[in-house]
Amino acid sequence: MQQTVICPGSFDPITNGHLDIITRASKMFDKVIVAVVKNQDKHPSFTINERIALLQASTLNLPNVEIVGFDGMLAEYAKTVNAYAIVKGLRAVSDFEYEFQQALINRKLNPDLDTIFFTTSQEYMYLSSSIVKQVASLGGDISPFVPPQVCSDISKRLAPKS
Ligand code: ADP
């Protein structure tokens, strides 16, 4: 049986921490769908199309990864693509409570849907999209934090206005 997993998130923008989880999932499962949540509530800095394009450019070397825009209920979407599980990254204990709640709700809505947690790689423990945005908006170097293919696009987009 082909095993498809979904990696959901805002990816506003993609970081090396996200890419690490996506890459590890792509080695373990047949297909990885990265579901980019439109998430208007969070007032994203990048549009849905920008976030998708940055993810696509960063995952060109991973042929079993597909990037999709997503708006709606993950539990329902998972049924439509016959997903085996949701894959999420855990950085610290602080991520756990929220992710645990999400996982239980998704399982309640779709009893066949499990959530698999990948422990962050140590070097990305501190890394988040918000930190990238903060550093870039102050004119700092974000190259250690984001994939090289998209670093200059992200920097230019977030650079302080002069
Ligand atoms: P959200 O909108 O749910 O906050 P994000 O776009 O920030 O989502 O992250 C998507 C997923 O990637 C989440 O599962 C999150 O835990 C995981 N993630 C984000 N940053 C890292 C990191 N540095 N290391 C491991 N996992 C991460």
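Glu-76 is partly exposed, with a relative accessible area of 37%; buried means under 20% relative accessible area, exposed over 50%, and partly exposed in between (1.4 Å probe, protein chains only). The model is a predicted one, in which local features need pLDDT of at least 70 and side-chain atom pairs count only at pLDDT 80 or more, while totals for chains, interfaces and linings use all residues. Residues are numbered from 1 along each chain as its sequence is written, and side-chain values use heavy atoms, with hydrogens and water left out.

**Salt bridges**

Glu-76 forms a salt bridge with Lys-79, and the closest N and O atoms are 3.3 Å apart. A salt bridge is here a side-chain nitrogen of Lys or Arg within 4 Å of a carboxyl oxygen of Asp or Glu. Side chains of opposite charge can pair when their charged atoms come close. Lys-79 is also partly exposed, at a relative accessible area of 47%. Helices (H or I, at least four residues) and strands (E, at least two) are DSSP runs, numbered from the N terminus.

A search of the whole structure finds 8 salt bridges, including the pairs tabulated here.

| Salt bridge | N to O distance |
|---|---|
| Asp-20 and Arg-24 | 2.9 Å |
| Glu-76 and Lys-79 | 3.3 Å |
| Asp-114 and Arg-107 | 3.9 Å |

Asp-20 and Arg-24 both belong to helix α1 (residues 16-28); being 4 residues apart there, they are separated by about one helical turn. Asp-20 counts as buried, with 15% relative accessibility, whereas Arg-24, at 26%, counts as partly exposed. In the pair of Asp-114 and Arg-107, Asp-114 is partly exposed at a relative accessible area of 39%, and Arg-107 is partly exposed at 40%.

How many residues of β1 are buried? The count is 6 of the 6, so the strand is largely enclosed by the rest of the structure. In a regular strand the side chains alternate between the two faces of the sheet. In β1, Thr-4, Ile-6 and Pro-8 point one way, while Val-5, Cys-7 and Gly-9 point the other way, and all are buried.

Strand β1 runs parallel to strand β2 (residues 31-37), to which 6 bridges join it; strands pair if DSSP finds at least two bridges between them. Val-5 stands opposite Val-32 in β2. From β1 the chain crosses through α1 to β2, and this β-α-β crossover is right-handed. A crossover is called right-handed if, with the strands pointing away from the viewer, the path from the first strand over the helix to the second runs clockwise.

Strand β1 (residues 4-9) is also joined to β4, in parallel, by 2 bridges. Here Val-5 has Ala-85 as its bridge partner, and Ile-6 stands opposite Ile-86.

**Strand β4 and strand β5**

Strand β4 (residues 85-90) is mostly covered, with 5 of its 6 residues buried. It pairs with strand β5 (residues 114-119) in the parallel sense over 6 bridges. Within this pairing, Leu-90 has Thr-119 of β5 as its bridge partner.

**Ligand surroundings**

Which residues come nearest to the ligand? Of the 15 residues around the ligand, these are Ser-10, Phe-11, Gly-89, Thr-120 and Tyr-124; a residue is near a molecule if one of its heavy atoms lies within 4 Å of it.

Polar contacts are pairs of N or O atoms within 3.5 Å; within protein, one must be able to donate a hydrogen and the other to accept it, and residues adjacent in sequence count only if both atoms are side-chain atoms. A polar backbone atom of Gly-89 is 2.5 Å from an oxygen atom of the ligand. For Phe-11, a backbone N or O atom lies 2.8 Å from a ligand oxygen atom. His-18 contributes a polar side-chain atom, which lies 3.2 Å from an oxygen atom of the ligand. The protein covers 88% of the 550 Å² of accessible area that the ligand has on its own; accessible areas come from the Shrake-Rupley method with a 1.4 Å probe, and for residues only the protein chains shown count as cover.

**A loop residue**

Asn-61 is placed in the loop between α2 (48-58) and β3 (65-70). At 58% relative accessibility, Asn-61 counts as exposed. Asn-61 and Phe-29 are 32 residues apart in sequence and 16 Å apart in space, C-alpha to C-alpha.
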